[in-house]
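Hello,

Here is the structure for you to look through. Notes on what was found in it follow below.

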Amino acid sequence: MADGKDRAFETEHGNGGETHQRVPEKGPHSPEGHLTTNQGIRVSDNQNSLKSGVRGPTLLEDFVLREKIFHFDHERIPERIVHARGTAAHGYFEPYESLSDITSADLFQRPGERVPVFVRFSTVAGGAGSVDTPRDVRGFAVKFYTQQGNWDLVGNNIPVFFIQDAIKFPDLVHAVKMEADRGYPQAASAHDTFWDFASLMPETTHMLMWAMSDRTIPRSLRTIEGFGVHTFRFVNDEGVSTFVKFHWKPKLGLQSTVWDEALKLQAADNDFHRRDLFEAIAAGDFPEWELGIQTFDQEFADSLPYDVLDATKIIPEELVPVRLVGRMVLDRNVDNFFAETEQVAYCPANIVPGIDFSNDPLLQGRLFSYLDTQKSRLGTANFHQLPINAPKCPFQNFQRDGQMQMLVPKGRANYEPNSLAQVGEEGGPRECPVTGFTSHRGRAEHGEQGDKLRLRPELFADHYSQARLFYRSLTANEQAHVAAAFTFELSKVGLEHIPQRMLGNLRNVDEDLAQRVADGLGMPLPKKNPAAREPIDLDPSPALSIQKNMKPTLEGRKVGILYADGSDAKVLAKVKAAVEKAGATPMLIAPKVGGAKLSDGTMQKADGQLAGTPSQTVDAIAVVLSAEGTAMLLKEAAAVQFCMDAFGHLKAIGHTADAKPLLDKAGVEPDEGVVALNGNGNAAFIKAASTRFFDREPKVRILP
Ligand code: HDD
């Protein structure tokens, strides 16, 4: 190949002896962009393996083929045992104010100074190839690349967890994942083993309430909250510790789907959430959250009727308000899914000076698990050197060698102490008692030190009070959804004693809930199961309800506009403009993706074909049809279903007068959310599209 770049491009491909064109000087085929092997040898032919004779056997000596196939065979790494399916983005965090009074953490010192972050959202139970919209908890993991090293806040979109002690985590995960013998169901908790475990472990009850609520069927990753779950510590320059709980509040507010919509999304678009996140960022509509903290001291913790080291408990916002201390913006998609999203390695043990752990026994177990899991997933103790994992501040120590060592340390100093500096050699880094990380000491009087015991603190035994608090904080419609979700999940359980046991537990939460689920299942209500500690009534926390806290806005959402041949060009243009003005994305949907001919004779291209773009993929619909178009679509099931589902999923429906027969066929009944489009500003439609119509629900489904 050394004989000149030009001839190298005139490749014989063996396909009929055809010679490929001379390749230009610039571009992917130019000398700079030349395809090579991993050893840097230029490849002359990437289409054909090396054979002995044109119809002969492939030769073992074909190092180009062997290297390519060898590498391909090893392209996959073990998927995460939990949270395997995820999507991620880059961005930044900036504090609003200095928190120097409570923490010395560098990232909280200077208002407005940005710290880069990498955030991965995930589902928990399904494999990497499962779907985005099962009923499941969402992981919300944030890596802050601070000047003092990496801080990972590895949380979920639910502020509590199923279990109190890490020793139960393998049991929980085995139970929720697909059943061991049959290998199904994927990405679903609605099966025997999960509910067997959950009903035998009353400590799961509070989390079950959240899991069965609309929190686990979010509309978008941009509309979920995030929580650090555990109680952590802030520590200031004087070494004074303050307990802290972390919250992420989405700028767009909370929004969820209804269950039927979530199910149908699984059919319409397996990648619904990752697509939504990617497209929003690509369009410059950057997702944003505010970081909130709840801080309190030991005295306050001691005054609570539950234990702050128990990850199955919250501290209601009404009791300790959430103080908003900064914002996080995701403004850049990954360049490469594998290199970044797949290889990112979060670890709750990654903390920086100024932040410290509490003795929460769930957190303590996590501190071991994540580092360990990365070794098995990424294959080497040097995974921290991968670009996505490496700190953005300098890091140096005497750890050496190992598989895939990417660094080339110089000199002889690979141990400490050493005196090599005395003879002019590089002596290497040293510990620093002043700026180095020091652990908060804990205090014996709070049971934080003492005899070795396999015991839980007494208040951990209250498994029901906060489950009740959660249920009673919801709107009536949300409560009905919880009852419906329990009914759905337990209806998938084959072993009859399991729903009975679960119902016996639910009676400790709320008699009405237990009765509704029993009725929904068509089963008798069993005796109440004894509670390890009698539940108490706590004040409801309205902050826990999604519906009470939804933002009436169309910002960041999508409106599907259905049109066909003959649709009024002016009405269509006005609806589209109104949607855009409201900060949302119009999605033009027509029977054919090539488009349709409008009333003024213009051909309007579509963004989506009707059969492939059902209404569950958008937040509201506008049906802009002429009499002719309506007559045609009355015979199209996808069009009828489009309107029927929008109505059933409690979405706003704007429509032209001529579209009425289609709506009638779809069973759309008049209500506040069904709005005439007259082309004049569409203000009423935009207002309706900014919310959902939960009052409509009794008309479309029987909830328990
Ligand atoms: Fe975990 C991954 C969140 C308890 C062991 N966990 C993982 C991820 C998130 C969480 C968001 C995915 C990170 C990513 O995107 O790569 N986990 C939680 C939360 C918990 C929790 C909020 C409770 C408050 N986890 C928990 C326990 C253990 C683990 C008690 C084990 C004792 N988690 C793991 C793990 C994973 C993981 C096996 C799998 C993949 C990974 O770590 O990187 O180590």
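A residue counts as buried under 20% relative accessible area, as exposed over 50%, and as partly exposed in between (1.4 Å probe, protein chains only). This is a predicted model, in which local features need pLDDT of at least 70 and side-chain atom pairs count only at pLDDT 80 or more, while totals for chains, interfaces and linings use all residues. Residues are numbered from 1 along each chain as its sequence is written, and side-chain values use heavy atoms, with hydrogens and water left out.

Cysteines: a disulfide is a pair of cysteine sulfur atoms within 2.5 Å, and the whole structure has zero of them. Cys393 is in no disulfide, the nearest cysteine sulfur being that of Cys432, 14 Å away. That distance is too far for a bond. Cys393 is buried, at 14% relative accessible area, whereas Cys432 is partly exposed, at 36%.

Ligand: the shell around the ligand has 22 residues, and Arg80, Arg120, Ser369, Tyr370 and Gln374 are the closest. Near here means that a heavy atom of the residue lies within 4 Å. By class, 11 are nonpolar, eight polar and three charged; Ala, Val, Leu, Ile, Met, Phe, Trp, Tyr, Cys and Pro count as nonpolar, Asp, Glu, Lys and Arg as charged, and the others, Gly among them, as polar.

Arg80 has a polar side-chain atom 2.7 Å from a ligand oxygen. For Arg120, an N or O atom of the side chain is also 2.7 Å from an oxygen atom of the ligand. A polar side-chain atom of His83 lies 3.4 Å from a ligand nitrogen.

Regards

Methods. A polar contact is a pair of N or O atoms within 3.5 Å; within protein, one must be able to donate a hydrogen and the other to accept it, and residues adjacent in sequence count only if both atoms are side-chain atoms.
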